[in-house]
Amino acid sequence: SMLLRDGGATLLVTAGAYSLVRAFDALTERRLVQQSLSRKVVHVLSGVFFMASWPLFSNSTSARFFAAVVPFLNCVRLLTYGLGFYSDEALVKSVTREGKREELLRGPLYYVIVLLIIVLVFWRDSPIGIVSLSMMSGGDGFADIVGRRFGSLKLPFNKKKSWVGSAAMFISGFLLSALYGSCGALPLS
Ligand SMILES: Nc1ccn([C@@H]2O[C@H](COP(=O)(O)OP(=O)(O)OP(=O)(O)O)[C@@H](O)[C@H]2O)c(=O)n1
Ligand SMILES: C/C(=C\CO)CCC[C@H](C)CCC[C@H](C)CCCC(C)C
């Protein structure tokens, strides 16, 4: 039935999210990837894999709530460890910039809150959510890769960001949404 399918999908995606963070912790721990890179890759893959998991859910009206459980649990997780009720060094190592637990309450928390809002408001019914998540996850990653290498010409209002980095964000975000939309996995008309 639909409940069984959506429940199963929720469990699978929850396990996926948990494994993603653990895998990057293991890689940073073994110094196979730098912490700064780990954070970026987890940032990109969380959004992309999360969107890619949506076709697993049924067409029922409650499907979006099942999908929303995953960012919700991660939101609780970031609050729990970010506020210091418990400690989770692995989480801190794979998603923060400097390895401070307070950082969990900034970028990573905002990121999962955006995932939560988008999944509840837009789900698969509108391209707005898909474009937003593609820009936030994929676009941001590309802005970093391209901007760090070629971004010598900075934006007038933010000297840490470059013109090419910003262009790379819009172009790759656009391409990622177009790719996602054209896969036919979504009931978008
Ligand atoms: N529009 C953009 C966005 C990013 N960048 C480049 O990508 C790097 C990281 O950008 P961003 O992801 O926005 O910053 P954070 O991840 O917050 O910071 P960090 O540098 O610690 O990764 C910037 O330093 C910059 O070199 C850029 O040139 N143009
Ligand atoms: C490092 C991050 C942002 C800062 O720039 C991203 C933080 C990510 C979360 C801790 C984990 C989020 C998991 C997603 C809700 C679901 C991913 C599912 C997928 C199947 C792996």
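Me: What is 2.6 Å from an oxygen atom of ligand 1?

Reply: To spot a polar contact, look for a pair of N or O atoms within 3.5 Å. This is a predicted model, and in it a polar side-chain atom of Ser162 sits 2.6 Å from an oxygen atom of ligand 1. The side chain of Arg39 also has an N or O atom 2.9 Å from an oxygen atom of ligand 1.

Me: How much of ligand 1's own accessible area does the protein cover?

Reply: Here you compare the ligand on its own with the ligand in place. Ligand 1 has 570 Å² of accessible area by itself, and the protein covers 77% of that.

Me: Which elements give two or more residues to the shell around ligand 1?

Reply: They are H2, helix H6 (127–150), strand E2 (158–162) and helix H7 (163–182). H6 contributes the most, with five residues. Of the 13 residues in the shell, the nearest are Lys40, Arg97, Arg148, Lys161 and Ser162.

Me: How do the residues around ligand 1 divide by class?

Reply: Sort the side chains into nonpolar, polar and charged, then count. For ligand 1 you get eight charged, four polar and one nonpolar.

Me: And how does the shell around ligand 2 divide?

Reply: That one has 10 nonpolar residues, five polar and one charged. There are 16 residues around ligand 2, and Arg39, His43, Ser46, Phe49 and Val95 come nearest. On its own, ligand 2 exposes 610 Å², of which the protein buries 94%.

Me: Where do the residues around ligand 2 come from?

Reply: Helices H1 (2–29), H2 (35–53), H3 (63–82) and H5 (107–121) each supply at least two. H5 gives the largest share, five residues. For a polar contact, look at His43: a polar atom of the His43 side chain is 2.7 Å from an oxygen atom of ligand 2.

Me: How do I read the length of a helix, say H1, and what span is expected for its 28 residues?

Reply: Compare the distance between the end C-alphas with the span you'd expect at 1.5 Å a residue. H1 reaches 40 Å from first C-alpha to last, close to the 40 Å expected. At the start of H1, a side-chain oxygen of Ser1 comes within 3.4 Å of the backbone nitrogen of Leu3. Just after H1, Arg31 has a positive phi of about 55 degrees.

Me: Let's finish with one residue. Is Ser172 buried or exposed?

Reply: Its relative accessible area is 11%, so Ser172 counts as buried. Ser172 lies in helix H7.

Me: What does the side chain of Ser172 reach at 2.7 Å?

Reply: The backbone oxygen of Ala168. The Ser172 side chain also reaches the backbone oxygen of Met169, at 3.4 Å. Leaving aside residues up to four places away in sequence, Ser172 touches Gly138, Gly139 and Phe142.

Notes: Residues are numbered from 1 along each chain as its sequence is written. Chains are lettered from A and ligands numbered from 1 in the order in which they are written. This is a predicted model: local features need pLDDT of at least 70, side-chain atom pairs count only at pLDDT 80 or more; totals for chains, interfaces and linings use all residues. Side-chain values use heavy atoms; hydrogens and water are left out. A residue is near a molecule or strand if one of its heavy atoms lies within 4 Å of it. A polar contact is a pair of N or O atoms within 3.5 Å; within protein, one must be able to donate a hydrogen and the other to accept it, and residues adjacent in sequence count only if both atoms are side-chain atoms. Accessible areas come from the Shrake-Rupley method with a 1.4 Å probe; for residues, only the protein chains shown count as cover. Helices (H or I, at least four residues) and strands (E, at least two) are DSSP runs, numbered from the N terminus. Ala, Val, Leu, Ile, Met, Phe, Trp, Tyr, Cys and Pro count as nonpolar, Asp, Glu, Lys and Arg as charged, and the others, Gly among them, as polar. The expected span of a helix is 1.5 Å times one less than its number of residues. Buried means under 20% relative accessible area, exposed over 50%, partly exposed in between (1.4 Å probe, protein chains only). Contact means heavy atoms within 4.5 Å.
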